[in-house]
Amino acid sequence: MELILKRCTIRPWRLDDAESLAKHANNRRVWIALRDLFPHPYTIEDAHTFLKSVINSEPVTLFCVEVNEAALGGIGIRIGTDVHRQTAELGYWLGQEFWGRGIMTEAVAAFTDFCFEEFQLRRIYAEPFANNPASARVLEKTGFAFEGRLKNNVLKDGKLLDSLLYARAK
Ligand SMILES: CC(C)(COP(=O)(O)OP(=O)(O)OC[C@H]1O[C@@H](n2cnc3c(N)ncnc32)[C@H](O)[C@@H]1OP(=O)(O)O)[C@@H](O)C(=O)NCCC(=O)NCCS
């Protein structure tokens, strides 16, 4: 799979992405918006561990966001199980130096379309923390509907936060 877009390319992760991945992922401002599963600090060993696991996964659902031939971010889905098997959660991040250029808006729009075609999904949702207006804006710009505010849904960095539920349904 390779989605060649105007501002970026979405492609499978490769083992040689480790250095670039660790460089861009090792940022508190990226980590603060993500699950604690995303390491901080983000070391080269973390990058190797992630890349080994993702390269061996089947189906591949986590992808690299590449700009100017460098791995600058990630985008992926987690497909639900049981009665949620046609539902997936979307997640994404981008290296801070590249924020505000429309890259993730382009990536989320194209990747969501790809996922609806590639996987048997009827719903893709995302849950940005309520203190992350940039992510909420990306979802609004890419056709996700705001479904509600989940009170006290997240404990991140010692703070209790609401999250915002956005979804696209097919
Ligand atoms: C959220 C994130 C992916 C956005 O990527 P990006 O490529 O910078 O996004 P875009 O440039 O496509 O769009 C960002 C939009 O948010 C807006 N925005 C940015 N900061 C904002 C703020 N503080 N308040 C309101 N809107 C804001 C921008 O103006 C832009 O909207 P516009 O085109 O209407 O002007 C990036 O900031 C990031 O990786 N953050 C850390 C990880 C993260 O938050 N992941 C998502 C977890 S749910």
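Start at Lys156. Leaving aside neighbours within four places in sequence, Lys156 is in contact with Trp31, Ile32, Leu34, Arg35, Asp36, Phe129 and Leu161, where contact means heavy atoms within 4.5 Å. Lys156 sits in strand 7, residues 145-156. Helices (H or I, at least four residues) and strands (E, at least two) are DSSP runs, numbered from the N terminus. Is Lys156 buried or exposed? Lys156 is buried, at a relative accessible area of 3%. Buried means under 20% relative accessible area, exposed means over 50%, and partly exposed is in between, with a 1.4 Å probe and protein chains only.

A word on where this comes from. The model is predicted: local features need pLDDT of at least 70, side-chain atom pairs count only at pLDDT 80 or more, and totals for chains, interfaces and linings use all residues. Residues are numbered from 1 along each chain as its sequence is written, and side-chain values use heavy atoms, with hydrogens and water left out.

Now the chain as a whole. The protein chain has 5 helices and 8 strands. From the N terminus, the order is β-β-α-α-α-β-β-β-α-β-α-β-β. The radius of gyration is 15 Å, close to the 15 Å that the globule rule gives for 170 residues, so the chain is as compact as a globular protein of that length. That radius is taken over C-alpha atoms, and the rule is 2.2 Å times the number of residues to the power 0.38. Of the 170 residues, 48% count as buried. Among contacts with a separation of 6 or more, 62% are between residues 24 or more positions apart.

Next, helix 1, residues 18-25. This helix is mostly covered, with 6 of its 8 residues buried. Those are Ala18, Ser20, Leu21, Ala22, His24 and Ala25. They pack against helix 2, helix 3 (44-55), strand 4 (70-79) and strand 5.

Arg14 counts as partly exposed, at 38% relative accessibility. Beyond four places in sequence, Arg14 is in contact with Leu51, Ile55 and Glu66. Arg14 and Leu51 are 37 residues apart in sequence, yet 6.8 Å apart in space, C-alpha to C-alpha. The side chains of Arg14 and Asp16 are joined by a polar contact of 3.1 Å. A polar contact is a pair of N or O atoms within 3.5 Å; within protein, one must be able to donate a hydrogen and the other to accept it, and residues adjacent in sequence count only if both atoms are side-chain atoms.

Last, the ligand. Which residues are closest to the ligand? Of the 22 residues that surround the ligand, the closest are Tyr92, Gly100, Thr105, Asn132 and Lys141; the cut-off is a heavy atom within 4 Å. Backbone N or O atoms lie 2.8 Å from a ligand oxygen at Leu94, 2.7 Å at Gly100 and 3.4 Å at Arg101. Taken alone the ligand exposes 970 Å², and the protein buries 71% of that, with areas from the Shrake-Rupley method and a 1.4 Å probe; for residues, only the protein chains shown count as cover. The elements giving two or more residues to the shell are helix 2 (28-31), strand 5 (87-94), helix 4 (103-118) and helix 5 (133-141). Helix 5 gives the largest share, 6 residues.
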